[in-house]
Amino acid sequence: MPVNMQVWDEPVMNRKFGPRWLISGHPEIGHLRRRWFNSFVKEQEPRQRLEIGTVKKTIGSKATHIGCFRDESKEKALKGAVFYDFRKMTVSQCQDSCAERGYLYAGLEYGAECYCGNRITSSSARQEDCNMECKGEKHTVCGGVNRLSVYKVEDLRPSNKRYRNVLYRGCFKIPKNLTATFPVYSIQPNLTVAKCTEFCTKKEFPLVVIRRTECYCGFATTDFTLHDIANDQLCGKLSSDTTTEFLGDENYCVIYQTPVQDTRCTDRKFLPTKTKAMVALSSFPGAGNTWARHLIEHATGFYTGSYYFDGTLYNKGFKGEKDYWKSGRTICIKTHESGKREIETFDAAILLIRNPYKALMAEFNRKRAGHLGYASERHWKSKEWPEFVNTYASWWASHTLDWLKYCNRVLVVHYEDLKKNLLPQLKRMVEFLNVAVSDDRLLCVETQKDGNFKRSGLRQKDFDPFTLEMKSVINSHIEMVDDALKMKNLTGLPEEYLPR
């Protein structure tokens with residue numbers, strides 16, 4: 001079904017939450033709404049501008065201020081990795097992020113956006129145009145409106161540790177036309193992984209391709225997808241820091257992934273025209289909604305919106321968080337809502353379902369330790385955990401059942417299928433959203449599919465916090481949802497969901 005569009009001819013209205021919106025029949029939904037509303041109110045801070053003369057132009061020994069440069073859609077100053085922190089961005093944070101990925105320059109814009117690159121590709125601007133204060137560092141300049149404050153990164157680490165984040169991807173058969181697939185290359189008699197990595201990183205390519213004494217740089221493309229890995233023995237053995245002779249089969253090459261970000265899928269914007277078709281990205285909390293939004297935004301190039309407001313996500317670059325969810329400017333809208341009235345406000349939905357055992361643990365981790373942390377052993381052993389399961393387990397089932405019952409068009413996506421077979425599932429989602437996307441862009445998303453959304457900290461291995469009583473209740477909900485899906489002639493739940 002094509003998405004109806006109309007020309008955007010008015011400013012986006014401010015988000016207005018009335019008392020009725022803050023109340024919900026489900027106590028946890030009501031809690032989510034109130035928490036996100038309070039977070040939204042706290043985020044309404046005026047953006048600070050610096051008076052000329054108050055700006056710190058250097059930040060000590062780690063980076064040197066180069067100048068102010070234009071950074072517009074047709075003239076980008078730095079074309080490498082991009083990072084956001086709309087609350088705590090500092091020059092040091094930006095330069096460290098760029099240095100970790102092997103870039104030579106770090107640039108800041110709008111007080112909160114960080115860009116990396118190895119070449120400055122735009123013209124200089126007046127220094128007074130860079131007049132916005134860094135969100136996390138007072139009296140320090142972090143660019144301006146379409147203006148980038150550029151710093152030269154001085155990486156203080158030993159050269160042999162600079163590329164410690166390089167990942168070995170495996171041994172692959174070379175494409176039919178090697179130089180057409182990887183047009184940037186160098187032939188070096190004493191080639192090492194370190195030398196080839198440095199060469200490709202400076203050229204701002206994410207992939208290092210080595211065949212004997214030949215070093216190639218490039219991207220994953222339809223001609224070279226990185227899907228058909230070969231036996232490592234066909235490629236021989238290569239040392240990362242000593243001179244070696246590559247003795248493998250000449251029809252095969254070894255692939256390493258550099259810290260350089262593939263920028264073919266990093267550009268995002270609001271829809272140029274207002275859509276009348278409201279598409280939900282609906283899930284139970286803990287089912288991977290944030291990760292799915294990351295994939296959708298990078299695949300389509302358009303921001304996703306949210307029924308709520310999460311300051312943490314906004315600060316990390318989800319700009320659609322602050323947009324009114326009915327603005328029509330976002331490709332789809334995150335929601336955890338259920339119930340006939342709420343669901344019928346949407347025309348269609350991508351319904352993301354995750355194993356309830358995993359989803360319950362993920363949401364409990366988020367409630368106790370944020371989006372990227374883990375709850376402590378003390379939390380799991382407290383009274384809070386069984387109370388949480390008692391409340392949330394039934395919600396997991398009712399959420400899916402309501403969307404299957406009340407939404408006119410539903411695309412069901414299982415989180416586990418998305419993890420195992422990302423490209424086919426992502427294609428289904430993009431087609432459902434009626435957006436034409438190239439295969440190369442989807443491959444770009446695949447190479448950086450995790451984004452910044454992996455939990456950090458100590459994870460308890462083989463940890464099972466569920467009692468037999470909890471499992472009995474959860475298993476009954478699994479069977480109920482599985483039957484409902486099959487009644488709609490949809491694929492049932494994956495086998496791994498089914499009763500333990």
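## Helix H6

The buried residues of helix H6 are Asn289, Thr290, Trp291, Ala292, Arg293, His294, Leu295, Ile296, Glu297, His298, Ala299 and Thr300. H6 is thus mostly covered, with twelve of its twelve residues buried. The model described here is a predicted one.

H6 spans residues 289-300. From the first C-alpha to the last, its twelve residues reach 16 Å, close to the 16 Å expected at 1.5 Å a residue. Glycine 301 follows H6 and has a positive phi, near 85°.

## The five-stranded sheet

Five strands form an open sheet with antiparallel pairing, in the order S2-S8-S4-S5-S3. Strand S2 (63-70) and strand S3 (82-84) are the edge strands, and each pairs on one side only. On average, neighbouring strands of this sheet are turned by 25° against each other, direction ignored.

## The S4-S5 pair

Within the strand order, S4 stands next to S5. Strand S4 covers residues 105-109 and strand S5 covers residues 113-117. The two run antiparallel and are joined by five bridges. One of the residues involved is glutamate 109, whose bridge partner in S5 is glutamate 113.

## Helix H2 against the sheet

Helix H2 is formed by residues 91-100. H2 lies across S2, S3, S4, S5 and strand S8 (147-153). These are the strands named in the sheet order S2-S8-S4-S5-S3. Relative to S4, H2 runs at about 140°.

Notes: Residues are numbered from 1 along each chain as its sequence is written. This is a predicted model: local features need pLDDT of at least 70, side-chain atom pairs count only at pLDDT 80 or more; totals for chains, interfaces and linings use all residues. Side-chain values use heavy atoms; hydrogens and water are left out. Two strands pair if DSSP finds at least two bridges between them. Helices (H or I, at least four residues) and strands (E, at least two) are DSSP runs, numbered from the N terminus. Axes are lines fitted to C-alpha atoms, for helices over the stretch in contact, and angles run from 0 to 180 degrees between N-to-C directions. Contact means heavy atoms within 4.5 Å. The expected span of a helix is 1.5 Å times one less than its number of residues. Buried means under 20% relative accessible area, exposed over 50%, partly exposed in between (1.4 Å probe, protein chains only).
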